[in-house]
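Subject: Structure handover

Dear colleague,

Here is the structure for your files.

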Amino acid sequence: MKQYKFQQQCKSALAAVIISLLLSNCATQKTVSPTKKPAKAVTPVNQTTKTPQNAQDYLDLAKGLDAAQAIPLMVTAAELLSGEGKHRKALWLANQITPLLVTTEGGITNIGKLDEQYRLFVSKATNLQALGYHQLALEQLTLADTLSKEHQLSHQLAYYQQLAKVQHSRELAVDAADAALRAFVIDDFASNDDVFALWQSLSALSQWQLDQLAQLNPPYIKGWQQLLKFAFQFGDNPAQFNRYLSQWQRKFSEHPAVAIIDSLKTAERDNKTIENIAVLLPLSGNQAAAGNAAQQGLLSAYQNHDAVSLHFIDTNALDMSALVLTFNEQAIDFVIGPLLKPNVQAYLAQEELQVPTLLLNVPDDQALKPHQVALSMRPEDEAIQAASSLARRNYQYPVVLSHQDKVSSRIAKAFADQWLKMTGTSPEVVPFEQGKKMQTDLTASLDVGLSKARIKDLKRRVKQTLKTETRNRRDVDMIYLVGSPKQTKLLKPYIDVNISPFAEVIPVYASSRSHSALNDRSDTRDLTGLTFSEMPWLLDSKQQNKQLAQMSQQLWPRRSDGLQRIFAMGYDSFALAAKIAAMQENPFVRHFGQTGVLKLNTNNILTRSLIWGRYRKDKVQEIAMD
């Protein structure tokens, strides 16, 4: 007891010093009234003073009080300093208060005043976020969350508000949206403007991000999910969209988004009619096969459309400087292509070309103009989606097996970077080479080689035959494979064979580079259990145009997977020509195509949401991952 009293006396003295230091520093500075409602503070008994208005007032009140009475006032002062924009002072004060909450009695350390401790964590996060230290801010919020779970404390509004800001700064849109939705339902002062802000952030999500958000199950998510589904699918058709909005309004009459439904309803727009489309493709030379595949995909979508004429132009026989004249002569009002990156760069160099254009490749480090849009098939986008999905499955020790070629290395890096952003830890990346060394690299990554070496040494010592089984690394709990279909077909069974019966089966995931629609028609038992991301066109899925897939199989039964993807891109490009204007006007509009669910980003690049498939014995099935 004497020790406890001594601690309290020391804390009171320390609190007085802290207050004096801060007050002397603030004495010559003008204070600003806070814009937010002050947090509740403990008013000392028999304290007669005016109602405190700002941080300095609370510090004045705390001056001369013992620690038990001063600490709540100091915590409130720290919060108000944040509201006044004095983030460094607020952070300093919060750091000084923290040790005052710790007591030691009987050799046991206790953190007292749980509410004050929680508020300090959030206050520190607020200031660290404002000062640009996003990761440190997240660490403080994680401490607040741990305290909340351990002591059944309800999260406060400030916690969710700061979490939304931190995750937005870390470019984790799903987690930011989840926090914002949770903040909204406990904000007593939420307005229609806040509802519209939620709509803006939610409608900017990709399809796979929305699916992941739904899995987190934030408040009112079912209504938001249905509203966004209607917007994504029908937003380019005002009459149809308005009907679905009315239907949604009747079903979700108590949903907060009811407040913005009327503002989402739009009148019929006067779309500019597209009559002549120029299509720039390599129809001769080394890349003619790619150009022909894109052309055939586009013609499959076109089907002799009465109101539109297509003008195919071979980029291998084209003088780019003459395009302005050519487009004028043919009255071109939309351009699809070019396909090859060098041709894209050459096309963009023609500054006088002002015709709306859908590029079939993304330029290197060049901003697009408002009338230019690029369709991205970049493998990095797929890797980011995969890492985001798998990181939410709580795998602790992932390994990325990547072939040592440029594209595979880019995929592996994008996956590892996103995993680090999501979890704070980096997955182990194991590169492998073609041939015998491929299995050697895998053996090393699973530490199977060490197990075999130990068995061999033991056999030598006892000089008799031992019935033994090699064991894999116990810590690996997921493998992401980046390689060709041939490499995958060799590696997947090797992974299965080298998994010890004493360990759980390690799930293996892969990028679309590991999947071959051609291989799906042969024996796929070696790939059983492999899960991979893919575009709808190459997977028997709900979104696949099955009639077109059957026709394509009959006409081009041996077409490579790479050309199949270009065919699908050509097919989608025709519908996009008429849809891009609506996507630019209303960013919530999506295109559900054969290459994926396409979303137009603020940089005028169309990115895709892919689906997932899994090998099950002798067939491939679409599965829900998010």
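Y118 and Y159 are both buried (under 20% relative accessible area with a 1.4 Å probe, protein chains only; over 50% is exposed, and partly exposed lies in between). This is a predicted model, in which local features need pLDDT of at least 70 and side-chain atom pairs count only at pLDDT 80 or more, while totals for chains, interfaces and linings use all residues. Residues are numbered from 1 along each chain as its sequence is written, and side-chain values use heavy atoms, with hydrogens and water left out.

Aromatic pairs

The structure holds 15 aromatic pairs (rings of Phe, Tyr and Trp, the last by its six-membered ring, with centres within 6.5 Å; planes under 30 degrees apart are stacked, over 60 edge-to-face, the rest tilted). One of them is the tilted pair of Y118 and Y159, at 6.5 Å centre to centre and 35° between the planes. Y118 is in helix 5 (residues 114–130) and Y159 in helix 7 (residues 157–169), so this pair ties together parts 41 residues apart in sequence. Helices here are DSSP runs of H or I with at least four residues, strands are runs of E with at least two, and both are numbered from the N terminus. Ring pairs also join Y118, Y159 and Y160 into a cluster.

Y302 and F574 form an edge-to-face pair, 5.6 Å centre to centre with 80° between the planes. Since Y302 lies in helix 14 (residues 288–302) and F574 in helix 23 (residues 561–585), the pair ties together parts that are 272 residues apart in sequence. Y302 and F574 are both buried.

Charges over rings

The charged end of R559 sits over the ring of W556, 4.2 Å from its centre (CZ of Arg or NZ of Lys within 6 Å of the ring centre and within 35 degrees of the ring normal). R590 lies over the face of F232, 4.1 Å from the ring centre.

Loop residue L538

L538 is in the loop between strand 12 (531–534) and helix 22 (546–555). At 7% relative accessibility, L538 counts as buried. Leaving out residues up to four places away in sequence, L538 touches H515, A517, D561, Q564 and R565. L538 and H515 are 23 residues apart in sequence and 8.8 Å apart in space, C-alpha to C-alpha.

Regards

Key: Contact = heavy atoms within 4.5 Å.
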